[in-house]
Every structure is written in C-alpha cells, then in structure tokens.
Amino acid sequence: MLSHEDNELLCRVGPGSTMGEMMRRFWMPAVVLNELEPDGKPIRIRLMGEDLVCFMDSNGEVGLLDEHCPHRGSSLALGANEDCGLRCLFHGWKFDVNGQCLDTPAEPENSKLAKAMKVKAYPTRVAGGMVWTYMGPEENQPEFPHFPWFDMPEGSCEAFRVIYECNYSQALEGAVDSSHAGVLHRSVPWSEEARWPHEKDLRPKLEVEFTRYGLRYCAVRNADESTKNGRMTQVPLPFYTFIPPDGPKAPEFRRNRRLINAFVPRDDETTWHIQFFYDAGQTIDRQHRIEESGVVWDENFFKTNGKDVWYNQNREAMKAKEGNMSGITGVALEDHAVSETMGRIADRTKEHLGRSDMAVVAFRRMMLRAARHFAETGEIPEANQAKFDWNEITAETFFFDPDKKWQDIQPLAEHLQPSEEAA
Ligand SMILES: [Fe+2]
C-alpha cells in the first residue's frame, strides 16, 4: 500500500508535476511511423497532458507541434499539409516542423507577423519504427539513446500503440508482476495438469536488483526436480518493461522474440501502451501480433472491446473451459482488464500486498526515489540513456541448476550497479 501523498507523487504527470517533469527529461516514443506519410494526414496526439499534432512534411521530416494555432486556437490537425508545412484551415497560417511560422496570408503584404510567430514544437527522431520526442527543457536535452531494436533488419521490428484507460503506473505494474502469469493468462482449467512452467509453479520467487538504469527482477520457478526456470525482466526508468522471450524450450518462432513495453503517459488517467516486437532472425507479422494481443481500437486508439463492453468476457466459454480461462481473448486485453477495473487512478491506500507483489513495490520505490531526488536536485542521472550499452540490458529466459543463483547465470556488470544511495 501507499500513502495518499505518495500515490499522488507517483501518478500525477501533467505539466508542472514532479513526476511529469522528471519523465520529460527522457526521450519517449510517441507515434508509429507508418501512421505518417509525406504531406499526409496530420495525427492528433495527447502526450503528458498536452494536446499535440504530428505531421510528416514534403521532405519526410517529422514535426510535433502544439495542436492549437497560436492565432485563434483552431486545431492544426484540420490543416493542409503541403509544401513543407502545416497550414491552418482558418486563416492560412503555415508552420514548418520546427514550429516557425512561414506565412500569414490574411495579413497585410508587408506584415512581419509570420517572422515573429512560432508555435511550440518538440524535437523528434525516428528509430525502431517510431517517432520519438523530447518534451523537457531545451538545455537539458540528453543525447538520443540507442536501443537494440533500432538495429533490426527490415521487417524484424514492429510496433503498435493503443490507449490504456488508467494511469501509467498501474498499467506498468501489470508488467512487473510475473506471479499473475499462471493465473490471469492460464491456458488450462485448474483441474487439469498445467502446461507451462508458469502454470506448474504458481509461487515464483521474485528477486529485485536496483541498477543504474532502473531495476531488474527475476521470477524463479521450479521447472522440475532438477531444474529451475528464471524469467528476468528489465525495468528501465521511466516507463519501460523489457519482457523476456519464451526461451530455449519454446517453439522456434517464439524462442528469441522480444517484447518491449513503453507505458507513456497520455495524461494522468490514460496511457499509451506501446509495444515493440523484435527478433533479428525472423520477420514479425504486425497484424498477427495485434490479433494475438486481443486489443481492438478505433481511429483515436481507444479500445472498442474495453471496459464499456466488459472486455467481451465470454462466461459460457469460461464455464465450458474453452479457450482462455479468463473468458477474455488475448494476453494484452486480459492485462488491460485487470488494470483498468482498479479505476483510472487506483486508490493504493486500500490495497493488501503480498510476497507476489515484490517487484511492484520495488518499482514504486524506484519511481518515488527518482522523483524526490529530482525535486531536490533538479537532476535525473538515468535520463542520459545514451550512456548505456542497451545490448547489455536485455530480458532473458533461462534454465539452471537448483544449487545456483540466477545472478550466477545473469550477472549484473559492475558499471550497471547502482550508486550507493540507490542500492
Ligand atoms: Fe499479464
């Protein structure tokens, strides 16, 4: 459980909030690249409590601007995207990807208004099939990080985004919670013999280590009498989870396929759930991954099979023990259901946590500590993500002897160990 004050510090992410300002010091993924085309339709996107518009100009440059024209406030998303700029539909004010006004056609011919006029623009980068942005102060902008999925061959990394209708921390906590895998995502009835290690051993031992980049934790299960199964998840600040692949005993196509979650705040009460799938050795079928997730969304990225329709939970199928034991189709949709039904911002003063929530507790501790340190010093060392070699920070599934520790198999390099106060 958390005090009301700590819950507020953890969850409030709008402009001016401590957590929001801390997160803005990091580069963050925003729009999937294939949503944009040169001179194509501008995309409205709410991010960190701000309404923005994203567009690709005639040269393929990507702009991320305040949605509202600085003239009278109309949405620039209605505007014409042509000749290297976005032109407001109302009086024709035109802006380039840097937010500079290029033209004010309804003003007198000798008007200097355009030259002086700028709309708020955030810097963008394109990598890993996404448009990324930095929303913090210009003078604190860190170098752009280099994540492993940026280096995949064509077709071997795919991304999609959908709205989680709850606070970012709640959505993320579902992904640092290996204990729920054999219950919520159960594939066989309770009366039948379990199929997977996570169903056979419902009581994984969760062990957490704080690191320079955030934390990592391992869920250790008994695979059989003579083997342990480790699933090590990476949790880099401020909102990532790197989920381990299915591992050496899984079918070939799932063995090394990796999943990255980014839970990017849309505002206090909604979150962009961005998933990257990658595997250098295979082509990722994006449509198939979306179908497997179970999540279906409308043109504004809100789920059409969400809470309003009670996740289309199929009680007959549950009774008949057909398909998923949850009656909800798809792993991601199951996760959305349990997190969203806590409420948009869960009241964590009312929870009762157990041993299975170890990593959830550690995640909160990490976030609150980072936010407090930031409030006191104005610094957030982990925001310089370019200093890390992210190939050293992967999530792994592995099997090992019971007389060994998981850290023997996955030691944390010395330069990734936390500073003393964070240990
Ligand atoms: Fe889950």
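Student: What distance separates the centres of domain 1 and domain 2, taken over C-alpha atoms?
Tutor: The centres are 34 Å apart. Domain 1 is 31-140 and domain 2 is 151-422. Those bounds come from an automatic or database domain assignment. Before we go on: this is a predicted model, where local features need pLDDT of at least 70, side-chain atom pairs count only at pLDDT 80 or more, and totals for chains, interfaces and linings use all residues. Residue numbers start from 1 along each chain as its sequence is written.

Student: How many residues does each domain put into the contact?
Tutor: Eight come from domain 1 and nine from domain 2. Contact means C-beta atoms, placed from the backbone, within 7 Å.

Student: And what classes of residue are on the domain 1 side?
Tutor: The side touching domain 2 has four nonpolar, three polar and one charged residues. Ala, Val, Leu, Ile, Met, Phe, Trp, Tyr, Cys and Pro count as nonpolar; Asp, Glu, Lys and Arg count as charged; the others, Gly among them, are polar.

Student: How many bridges join strand 3 to strand 4?
Tutor: Five, linking residues 50-56 to residues 62-66. Methionine 56 partners valine 62, and valine 53 partners leucine 65. The hairpin of these strands has five residues between them, and glycine 60 there has a positive phi near 85 degrees.

Student: What about strand 4 and strand 9?
Tutor: They run antiparallel, with two bridges. Leucine 65 has alanine 121 as its partner in strand 9.

Student: Is strand 4 enclosed or open to the outside?
Tutor: Four of its five residues are buried, so strand 4 is largely enclosed by the rest of the structure. Buried means 20 or more other C-beta atoms within 10 Å of a residue's own, exposed means 12 or fewer, and partly exposed is in between, with C-beta atoms placed from the backbone.

Student: How many residues of strand 1 are buried?
Tutor: Five of the six residues in strand 1 (residues 27-32) are buried, so that strand is largely enclosed too. Strand 1 pairs with strand 11 (residues 130-134) in the antiparallel sense, over five bridges. Proline 29 stands opposite tryptophan 132.

Student: Now helix 1. Which of its residues are buried?
Tutor: Asn7, Leu10 and Cys11, in a helix spanning residues 4-11. Down the helix axis they fall within an arc of 85 degrees, so they line one face. That arc is taken from the directions from the axis to the C-beta atoms.

Student: What covers them?
Tutor: The cover includes helix 2 (18-23), helix 4 (168-173) and helix 11 (358-377).

Student: Which residues touch the most others in the largest nonpolar core?
Tutor: Ala30, Cys54, Leu172, Val176, Phe239, Ala359 and Phe363, out of 98 residues. Helix 11 gives the largest share, nine residues. The core also draws at least three residues from each of domain 1 and domain 2. Such a core is a set of buried Ala, Val, Leu, Ile, Met, Phe, Trp, Tyr and Cys residues joined through C-beta atoms within 7 Å.

Student: Which residues does phenylalanine 239 contact?
Tutor: Leaving aside neighbours within four places in sequence, phenylalanine 239 contacts Met23, Tyr168, Leu172, Ala262, Phe263 and Val264.

Student: Last topic: the backbone. Where is the cis peptide bond?
Tutor: Between leucine 237 and proline 238, with omega about 0 degrees. Proline 238 lies in the loop between strand 15 (227-236) and strand 16 (240-243).

Student: What phi does phenylalanine 301 have?
Tutor: A positive one, about 70 degrees, although phenylalanine 301 is not a glycine. Most residues other than glycine have a negative phi. Phenylalanine 301 sits in the loop between helix 8 (286-293) and helix 9 (315-320).

Conventions
Two strands pair if DSSP finds at least two bridges between them. Two residues are in contact if their C-beta atoms, placed from the backbone, lie within 7 Å.
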